[in-house]
Amino acid sequence: MEAPLVCIVIISVLAYTTDHVRAQGISASENPIPVGTNVTLFSDHPVNTGAWIFNNEILVLLFPGGQIITPNFIDRVGFNPNTSSLTVISARLEDSGTYSLQDVTSDASQLELSVQEPISNVSLTTNGTDLVESNDTAVLTCAAATGTSLHYTWLNDTSEVVFDSFVQLSADSSQLTIIQVTRYDEGPFRCNVTNGVSNEISPPVTLNISYGPTNAIVSVTPEVDTHIEGSNITLLCSAESKPAATIHWMVDGMDLNHSEAELNLTTATESHSGDYQCLLYNSVTSRFSSASAMIRIIAPITAVMVNDMGMAAVAGMPFTLNCHVSGEAETILWWMNSDTVSADNTTIFGAGNKTLTLHPVYPSDTGLYMCHAFNAVSNMTSDTYYLEVNFGPDKPMITAPSVALTGSEVFLNCSSTSNPPSTYSWSFNDTEVATTANYLAGPLTLNMSGTYTCMAFNNITGRNSSAYHMLTVLAPVTMANVTAPATHPILNGTFNLTCEAEGSIESITWRHNGALLYTNGTRSLTMNNATLTFEPLMLSDNGIYTCEAYNPLSNFTSENYNLNVIFGPGVPNVTKPLEALEGTSIQLNCSAMSYPPSQYTWFFDGTPVANTSVYLTPALSQNMSGTYTCEARNTITGENSSADTMLTVIEEIKDVRINVPTHPPVEGYNYTMTCNVSGPVDQVLWLKNGQLIVADDRVMMSIDNLTVTFEELHRNDTGQYHCYAINRVQTMASHPHILDVNFGPDTPLINGGPLIAAKGESVKFTCSAVSRPGSHFSWWYNMSLVANSSVLAIDSVMLNMSGHYTCKAQNPVSGKNSSSSLMLQVIEDINSVRVEQNTIPIEGENFTLTCEVDGPYTSIQWRKDDEDLPSNKSTTNHSHYYIHENRLHFAPLTRYDDGTYMCVASNLLGRQGSPPYELLVNYGPVSVTIIGPDISPTEFAISIECVADSRPESEYQWFLNDAELPSFTESLIEIPVVNSNFTCKATNPVTNITMSKTKFFSSASGLNCPSQKILVIVSVFIMSLPLLFR
């Protein structure tokens, strides 16, 4: 028989004589184990056909109905057929290896068993313990008298050793090498030896490592850069060294013959300054080291003083100050008036700042100077030195008047900037007159006008300076007066004014009403402004005139001269009323432009009635109407002028009142008011609330305005009314009449609610209407009276209370009424909402969700994944649905309809949503695929998987060359590698849809089985021959 056929026969026999199982797992009761103990290997499920194998050698052969332990192991292993477990008895070192349990229908399970010898007598040795840092290498070797599978852990004190390029392990980790040891490698070192069954730690080994000297340092007390003379100074030398290093001290290269770590300098002087060096030596490591410290000792400063060169400081000349210091000064600073002095182009420091030269010195350099000397251990400031700079005199300044009056005294003052102060001398026309800074000249005469000279002299600087002053002496102005000719100043004539004055007169000015007077076409000045001529004289020349005569030191203003131009009279101006009320008196006023004022006479119809400008008439009567004449006369010019006026006397208005009808004013009806007047009237006006009433389409006026008629009253006609009677001399108003228009009621306004109420809820409605006077209210329901007030309140509404409610308002004066209605709906609330399905949701079939609502509703809204579904039919996003009444129809259903659905029921009271409904559409299988290698050149069996896209998961059937394999019902199976077609059939248990997929698998060498599995299968096949031929 060919090899493939033999394999197929064996597999076929086994497939029908054994149960199909997956690969089993095995475990050990203990692993690793000490030599000489028993260990049991367990299988996670029994094996009927197969073998236990150790390192490719069969220990136990299993077949249906029995098992065989091979002769080489019959006394060394035991087998339990109930659990398929294997026990190794009194294990030996050579029992370590790979144990496999091979089931002919699955892959073998393997376990590595380790048999180990316990550890004892661990020791640690070293190549030496006395070592020198960085020179020597330490080698530590760890060994155990007994033990197998050893693992080494190295410890330095209590921490594990960290390995690097200087700390290395041997290949088996039993030897630790430390290259160029350091002081930190002293230990103690231990090694911890372990295997799977025991452990032991070696005794400690400690290394003695010599090192140093390193990190040498000299510390100085006190810690200052420079020490003051007389200090006690301690120098301490230290370094890291094992064993301790020997010490040798030197200063500036000279041996101090001192070998202690501490060196003391007592009451140190400047001679102790120097570079101190500490030399260290380790006799074991043969290494040297050193450290040094620079000691500086100086004496303190004891005195500082500022002095000069013995010469006075003169402005413009160089001047030097010296800073004298007792002691060594490292730094010198100069101060002036508490401010630091800095070098510039006129300030020069010399000799290490010991000299300060001002080249040149200025007056501004005057002040208090100090110098401040410093060294590292002390500082001192000098006493202040006051530098006074001598300068001047500058050009003198003279203060004195340039003009003076005869008989007066003049004070001339001369001053000049100078230090010390200058001496002064005065001279007049080159003749010395005084030797002081101040000179009083006078009493002055006209011949004392001239040049006065002041000279200033500084006796320290040897310098002088002069200044000049010019003085003019004048006689004072003593009189000024305005005079005029004896003729009258008459309008349009010629007239002169003259200014008479005494004294030294340089100028004359004229003023008119306090303002300077200038010449023009009618005014001129002559005789050095002494004469003022008016030609011609004008009315604008009226006013007060003065003249002023003056020189630079005096002036005199004349007394006021009042010029009044004589003119007139002009045409009289008469003021009076044109008309007057009978029985009253009036005043007639007459005035005419004239100087001096005119004399007046009044005439009535040619008869004189008064000799004054004002005429007050007696009580007027109608026969006093007529012409009145005023005549004006000027007694100087001799001229006169007159004017006429006309007066009319009118009868008086005696009474004005408003008459109205007796019936009340009601909106929508006509209404008339009449103005009754006693006396002559030219015009009647009507006012409402102070505003003039104008006739329009609704408000009518009679021709004489005595009556006003409202064709149709409005409520806004309410107000306060007056009528005014007017003639040419009199206006009289009536007493106010209050018109209060009755109106309404307007259509009532209803507030409150609710209009839609749940059964058992309370409602309250309030009715109001605009009306004068206030309306009476009543409520009606279905033609029946239910309330006699403006408020309708129902504590608990019932379903039968739905309907129209009417509020009626009635005005008791107008007799009118008005009503308004509302619709009250009493309904039940929604109790619950839920989503129900009528069939199983399967893709491609019609499917309906129903919104079940307990309670009345008006609309239903469907939602998917928290978004509203449009109510119209939709075919978007692969979804095909439509909504009808309370149902959501899918036609057909697709997997894209998966989601969370809910329905929301609404009525007039509100909305209520259902609990979420999760829709998962059952579909498929849509596609079937077999996943696995097409060819397996090395394996006897391979795993293949059938994958189907389906909800719920499909059920699977497998076929070999169209023959069903009833034991294979999972999606993942293991098959022998033979040249055959394998078919997977996937069936959805809900949709009842079935799809299949076939794939051909081939073996690269006919029957390509692993040697171990071949051995088991052949062995089982031989043991199963009696069963095959029964």
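Biologist: What joins cysteine 851 to cysteine 903?
Modeller: A disulfide, with S to S at 2.0 Å. The term stands for a pair of cysteine sulfur atoms within 2.5 Å. This is a predicted model: local features need pLDDT of at least 70, side-chain atom pairs count only at pLDDT 80 or more, and totals for chains, interfaces and linings use all residues. Residues are numbered from 1 along each chain as its sequence is written, and side-chain values use heavy atoms, with hydrogens and water left out.

Biologist: Is the disulfide of cysteine 851 and cysteine 903 right-handed or left-handed?
Modeller: Right-handed, because the torsion about the S-S bond is about 75 degrees.

Biologist: Which strands do cysteine 851 and cysteine 903 lie in?
Modeller: Cysteine 851 is in strand E84 (residues 847-854) and cysteine 903 is in strand E89, so the pair ties together parts that are 52 residues apart in sequence. Strands (E, at least two residues) are DSSP runs, numbered from the N terminus.

Biologist: And is cysteine 851 buried or exposed?
Modeller: Buried, at 1% relative accessibility. Cysteine 903 is buried too, at 0%. Buried means under 20% relative accessible area, exposed over 50%, and partly exposed in between (1.4 Å probe, protein chains only).

Biologist: Back to E89. Which strand does E89 join through a hairpin?
Modeller: E90, and the hairpin has two residues. E89 (residues 899-907) and E90 (residues 910-913) run antiparallel, with four bridges between them. Strands count as paired if DSSP finds at least two bridges between them. Serine 906 stands opposite arginine 911 in E90.

Biologist: How many disulfides does the whole structure have?
Modeller: Ten. Among them is cysteine 323 with cysteine 371, S to S 2.0 Å. Cysteine 323 sits in strand E32 and cysteine 371 in strand E37, so this link ties together parts that are 48 residues apart in sequence. Its torsion is about 70 degrees, so it is right-handed.

Biologist: What about cysteine 946 and cysteine 984?
Modeller: They form a disulfide as well, with sulfur atoms 2.0 Å apart. This link is left-handed, with -85 degrees about the S-S bond. Cysteine 946 is in strand E93 (residues 941-948) and cysteine 984 in strand E97 (residues 980-987), so parts 38 residues apart in sequence are tied together.

Biologist: New topic. How many residues are in the largest nonpolar core?
Modeller: It has 23 residues, and Leu321, Trp334 and Leu387 have the most contacts inside it. A nonpolar core is a set of buried Ala, Val, Leu, Ile, Met, Phe, Trp, Tyr and Cys residues joined through side-chain atoms within 4.5 Å.

Biologist: Which strands supply at least two residues of this core?
Modeller: Those strands include E30 (303-308), E32 (319-326) and E33 (331-336). E32 gives the most, with four residues.

Biologist: What does leucine 387 touch?
Modeller: Ala313, Phe319, Leu358, Asp365, Thr366, Gly367 and Tyr369, not counting residues up to four places away in sequence. Contact means heavy atoms within 4.5 Å.

Biologist: Which residues does the second core include?
Modeller: Ile26, Leu62, Val88 and Leu101 are included in this separate core of 21 residues.

Biologist: Last one. What is the strand order in the open sheet of four strands?
Modeller: E49-E50-E54-E53, with antiparallel pairing. E49 (479-483) and E53 (523-526) are the edge strands, and each pairs on one side only. E53 pairs with E54 (residues 531-534) over four bridges. The bridge partner of arginine 523 is phenylalanine 534 in E54.
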